Amino acid sequence: MYQVYPRSFADASGDGIGDLAGIVDRLDHLAWLGVDAVWLSPVFRSPMRDYGYDVADYRDIDPVFGSLADVDRLVAEAHGRGLRVLLDFVPNHTSSDHAWFVDARSSRDSAHREWYIWRDPAPGGGPPNDLESQFGGPAWTFDEPTGQYWYHSFLPEQPELDWRNPAVREAMLGHVRFWFERGIDGFRIDVLWMIAKDDAPWRDGPITEAPEALPGLGLEARGALQHGDGPDMEARLAELRDAADAYPERVLIGEVYMEPRRLVRYYGRDGRGAHLPFNFALVTLPWEAGAIRTAVAAYEDALPVGAWPNWVLGNHDQPRVASRVGAAQARVAAMLLLTLRGTPTLYYGDELGLPDVPVPSERSVDVAGRDPERSPMPWTRDGINAGFSVAEPWLPMIDDAGAWSVEAQRDDPRSMLSLHRRLLALRRSEPALEAGDWADVDAPDGVVAFERVAGGRRFLIALNLRPEPVSMPVAGDWTVELSTHLDRDGEPVADVVALRADEGLVLRAG
Ligand code: NOJ
């Protein structure tokens with residue numbers, strides 16, 4: 001899976017903001033790279049206060065990205081290249097500009113009032129309780145004319161839908177079907193855990209006690225326990241899954257920030273849930289061999305029978321992996337992502353090793369400071385703005401963008417891009433890597449090692465997470481299939497393997 005942040009991928013219209021036609025122009029890159037599917041962050045009509053995660057019309061495309069016809073063309077062009085297209089479904093909240101909320105606000109008796117979460121002020125005045133929004137400040141905003149507060153885990157302009165209301169469910173599932181009818185292959189579902197709330201929004205008074213310590217996970221994960229993950233989840237998951245299963249070969253990916261034992265709930269009861277509840281362990285954990293080995297084993301162990309795993313290194317909400325772990329380790333991270341058992345999701349630009357791009361305060365646009373990981377994709381060595389746009393890009397390009405570009409890295413057999421392409425090709429050609437069994441392997445401190453096995457083919461993956469060399473005993477004879485340094489192809493290895501500083505190896509048995 002490859003995540004495109006559409007504003008930053010490729011600008012065909014020349015306004016400095018990426019668009020659907022730009023993505024179509026770059027599909028050949030994705031096919032060449034070797035991914036199977038593309039997930040687009042939201043492209044629906046939106047006032048863009050949270051850059052599309054505030055949807056004003058679920059069935060139309062924002063003019064900044066193009067039109068419905070452009071989506072149809074994107075789907076047709078992608079399918080023609082064997083690529084699937086997933087959209088981003090934002091079910092938990094709408095934009096305050098959405099017609100439902102405009103109506104809901106118009107009076108307490110309006111048809112859509114009960115589609116959102118409204119409460120009276122506390123007895124002495126002020127919000128009904130002390131829940132906080134994840135972007136800071138109260139999760140409640142007062143509507144003067146109707147005298148009640150509305151609930152929002154994010155911006156006030158992202159009022160939260162009440163999924164307990166059957167009319168909401170019917171309308172939202174209708175949107176899902178609309179896109180399936182149009183040929184979309186699936187959805188990434190925004191903050192999936194929040195559509196089945198616990199009782200927090202309906203409780204009075206001070207309720208912000210830390211619910212449960214989840215070490216290593218961020219604010220969003222703690223909020224999970226406070227604002228969602230409630231008793232209706234299985235029912236909501238089953239409805240979504242039924243909508244998907246009514247069409248052939250559709251996939252549901254859920255955004256869920258939780259530790260493995262809670263996360264697996266999102267596969268649904270009897271598998272009637274998300275096909276892939278995002279597993280963010282590699283994003284949220286410290287980059288340290290012990291922590292990663294433990295997390296991989298814990299996740300594998302927690303998976304229900306028949307559930308297919310998945311792994312993520314980055315997305316549009318998190319500092320880029322190259323900035324979190326450094327350029328050298330970003331290669332090791334790529335090898336880990338693409339050799340673990342399960343579907344990997346690659347964030348656009350990570351295949352180039354892009355780091356976060358600092359954004360001066362006068363150009364900062366995101367409400368939560370996430371601009372650095374959303375910088376425009378550099379395509380060409382010499383073009384204006386490295387081929388991203390002929391106009392000034394909406395966010396600054398990386399310095400020396402041409403040198404980071406796809407064009408520059410394509411021709412370099414040792415580049416980060418070449419490493420990604422080789423890893424993806426290897427996965428595709430080796431069933432052991434694509435779908436084979438996984439088993440942890442004992443390794444020296446600082447090394448993550450595991451085997452992948454299928455049908456008599458056996459691979460040992462050994463990843464040195466430290467900047468100094470280390471030797472690792474390996475039983476038997478092996479051949480280097482791939483090094484993160486891309487310079488040891490075919491080297492025979494017997495009994496012990498020497499890992500250089502920051503080196504990862506894929507070894508083939510025999
Ligand atoms: C998660 C999305 O990934 C993030 O970008 C957004 O701000 C929130 N959900 C609210 O929709």
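Before we zoom in, a helix here is a DSSP run of H or I with at least four residues, numbered from the N terminus. Helix axes are lines fitted to C-alpha atoms over the stretch in contact, and angles run from 0 to 180 degrees between N-to-C directions. This is a predicted model, where local features need pLDDT of at least 70, side-chain atom pairs count only at pLDDT 80 or more, and totals for chains, interfaces and linings use all residues. Residues are numbered from 1 along each chain as its sequence is written, and side-chain values use heavy atoms, with hydrogens and water left out.

**View A. Helix 12 and helix 15 cross at roughly 15°.**
Look for residues 327-339 (helix 12) and residues 416-429 (helix 15), whose axes come within 10 Å. Helix 12 is therefore roughly parallel to helix 15 (angles under 35 degrees count as roughly parallel). Their crossing is right-handed, meaning that the near helix is turned clockwise from the far one by less than a right angle.

**View B. Helix 5 passes helix 7 in a right-handed crossing.**
The axes of helix 5 (residues 166-181) and helix 7 (residues 233-245) come within 10 Å, crossing at roughly 30°. So this pair, helix 5 and helix 7, is roughly parallel too.

**View D. Side chains reach oxygen atoms of the ligand.**
Find the polar side-chain atom of His93, 2.9 Å from a ligand oxygen. Arg370 also has a polar side-chain atom 2.9 Å from an oxygen atom of the ligand, while for an N or O atom in the side chain of Arg188 the distance is 3.0 Å.

How values were computed
A polar contact is a pair of N or O atoms within 3.5 Å; within protein, one must be able to donate a hydrogen and the other to accept it, and residues adjacent in sequence count only if both atoms are side-chain atoms. Helices (H or I, at least four residues) and strands (E, at least two) are DSSP runs, numbered from the N terminus. Angles under 35 degrees count as roughly parallel, over 145 as roughly antiparallel, 65 to 115 as roughly perpendicular and the rest as oblique.
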